[in-house]
Structures are given as structure tokens and as C-alpha cells.
Amino acid sequence: MEIENIRETLKVLLDYNNSELNPDLMVGEYGKSQRKATVEDVQELNLSLLTSIADLLGMSDLYLTDEKE
């Protein structure tokens, strides 16, 4: 998912993670092979969007650092 501005990215994150707006998190192509989202699915989307925000802010070093640090 390529998002071009921080506001849009944060809105997606907030809506997706809001249990009142999105009580039955589903993943997959709408209307076809959807299934209930797992914790790993949510983490994957969150990480993707957070890295997009870091990129837009010029802070890719936050996720590109050596794991030993």
C-alpha cells in the first residue's frame, strides 16, 4: 500500500485499529476470499503504514537500523 501523505496514512491506521469502526477486521479481496484478520495481519499492515510514515518524514533509519541495537 503506497500512501503519499502522513495525514492519510494516520487516518487509515486509526480507522483500521478502531474496534468501534471496524469490529470484524477482515483481510483479502473484498467480496471474494476474505477471512478474519489475525494479529499477524494487523501487525503487518501497521508496520507497513508506520514505515511509510517514517519514509515520508525522512526517518527510514528508525526501521533500517541493525537489530542488535
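The count of salt bridges in this chain comes to 4, where a salt bridge is a side-chain nitrogen of Lys or Arg within 4 Å of a carboxyl oxygen of Asp or Glu. The model is predicted, so local features need pLDDT of at least 70 and side-chain atom pairs count only at pLDDT 80 or more, whereas totals for chains, interfaces and linings use all residues. Residues are numbered from 1 along each chain as its sequence is written, and side-chain values use heavy atoms, with hydrogens and water left out.

One of the salt bridges joins the side chains of K11 and D15, at 3.0 Å from N to O. These two residues are 4 residues apart in helix α1 (residues 6-17), so about one helical turn separates them. Another links K32 with E29 at 3.4 Å.

K32 is exposed at 64%, and E29 is partly exposed at 48%. In the chain, buried residues make up 23% of the 69 residues.

Consider now the overall architecture. The chain has 3 helices and 2 strands, which follow the order α-β-β-α-α from the N terminus. Helices (H or I, at least four residues) and strands (E, at least two) are DSSP runs, numbered from the N terminus.

Notes
Buried means under 20% relative accessible area, exposed over 50%, partly exposed in between (1.4 Å probe, protein chains only).
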